Amino acid sequence: MATKIPDAPKVGMVSLGCPKALVDSERILTKLRADGYAMSPDYEGADVVLVNTCGFLDSAKEESLEAIGEAIAENGRVIVTGCLGNEAELIMKTHPKVLAVTGPQQYEQVVGAVHEAVPPHLSPYVDLVPQLPDTKLTPRHYSYVKISEGCNHRCSFCIIPSIRGDLASRRPDAVLREAEKLVAAGTKELLIISQDTSAYGIDLKNQTWNWKGEEINARMLDLATHLGNLRTPEGETPWIRLHYVYPYPHVDAVIPLMAEGKLTPYLDIPFQHASPAVLKRMRRPANEAKVLERLKAWRQVCPDIAIRSSFVLGFPGETEEDFRYLMDWLEEAQLDRVGAFRFEPVEGAAANDLDGAVPEEVKEERFARLMEHTAKISAAKLKAKVGTTQDVIIDLVDEETGGATGRSKADAPEIDGEVHLRDAAHLKPGDFARVTIEDADEHDLFGVPVA
């Protein structure tokens, strides 16, 4: 009689928060797959549901608690992990039916909780495979690579260090091995993330490791240089996009790699504000005047570099004068992509004790003014690209219309603009295409692939 192999228990995943949390979700699911679990795309088919939470802002906490409640209502068997996991008492008080709560980066604990809730059905017929492919929650053609955890800064509005600890960099050879593996498997774009990418390796104190017979130092420049040497199986240079980079002087040395085409000419820099008074209250490690000089110097080295950033509006003590200073600074900085959010107090943040609370209606009014101002800057920058030819990576193809959606080198997935194409049915997701830009609006470009 034939041996019947039992069905693998299925795990559902709800992943909230930033790309760093998404990487954590991918690691957890990869380990569970290796342990014999299957993934469920919905609540109904899952034997247990994992909710990877965010706890950065109070609004994010509320969203996480709502997601936990929805998972309980739809499935009933829920395990919670992630940043909000540090507040297990709050979670259990709100949702006492939760099976287990673990904190951020506690991969072994959350996997152990899954084992306890739904034991794996290991079979010698199917579970002796040496290694399963990593589980990805992003499309096949782009991947996030986390190079460190934690942060050494103590910004007054942020509780990340209390959640994730001080800076803890990964070994450069481990990062490169992961990146090389992803590119070999079809990734065309690597998004390098951390809490402070420009601080990478500081905690490793100039240690060196061997990478393919060559010594590599745990420094941002060394890591970026080796990432820029990666090639896809087709011989193409993958896009290497740097996120969460503080404008320290040593970042200057990375810009030539962008001019040479080794790195994508793009930097995501968390400026947060420009007014010296507000930056001081925020405890930000930046000087707004030197930043403008640095941006000018970077553009001289790499004219195509795109700078994106986000700003906090309505921080305690922010005056109308501070806000006008920020608006003038943005006019001079001419950033390519800008996001903003209204300040909100976060439990445990030092900013909660600052005086000068800004009324909500003032925050909304300043938010609207800033977004209108930066939209005009963006529209002018994109209009200047009409008639040019741009490199685009394809994200989606519509077979019915023959159109496609992609992104230029100035656009990170989900947070920046898009390039909308006509006559693109011959393309597929992950393709690189040369595109003639025919039109533009405040955020997006429109064009046609070069024949």
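The following paragraphs describe aromatic rings in this structure and how some of them are arranged. The model is predicted. A pair of aromatic rings is described by the distance of the centres and the angle of the planes.

The structure contains eight aromatic pairs. One of them joins phenylalanine 271 and phenylalanine 311, whose ring centres are 6.3 Å apart. Their planes meet at 25°, and planes under 30 degrees apart count as stacked, so this pair is stacked. Phenylalanine 271 belongs to the loop between β13 (266-268) and α9 (276-282), while phenylalanine 311 belongs to strand β14 (residues 306-313); the pair therefore ties together parts that are 40 residues apart in sequence. Phenylalanine 271 has a relative accessibility of 6% and counts as buried. Phenylalanine 311 is also buried, with a relative accessible area of 0%.

Phenylalanine 271 has a further partner, tryptophan 329. Here the ring centres lie 5.2 Å apart and the planes stand at 75°, so the pair is edge-to-face. Tryptophan 329 is part of helix α11 (residues 320-333), whereas phenylalanine 271 lies in the loop between β13 and α9; the pair therefore ties together parts that are 58 residues apart in sequence. Tryptophan 329 counts as buried, at 5% relative accessibility.

Other aromatic residues also deserve mention. Phe157, Phe315 and Phe343 form one aromatic cluster. The charged end of arginine 342 sits over the ring of phenylalanine 367, at 3.6 Å from the ring centre. Likewise, the ring of tryptophan 211 has the charged end of lysine 212 over it, 4.9 Å from its centre.

How values were computed
Residues numbered from 1 in each chain as written. Predicted model: local features only at pLDDT ≥ 70, side-chain atom pairs only at ≥ 80, totals over all residues. Heavy atoms only, no water. Phe/Tyr/Trp six-rings, centres within 6.5 Å; stacked < 30°, edge-to-face > 60°. Helix = DSSP H or I, 4+ residues; strand = E, 2+ residues; numbered from the N terminus. Buried < 20%, exposed > 50% of the residue type's maximum accessible area, 1.4 Å probe, protein only. Lys NZ or Arg CZ within 6 Å of the ring centre and 35° of its normal.
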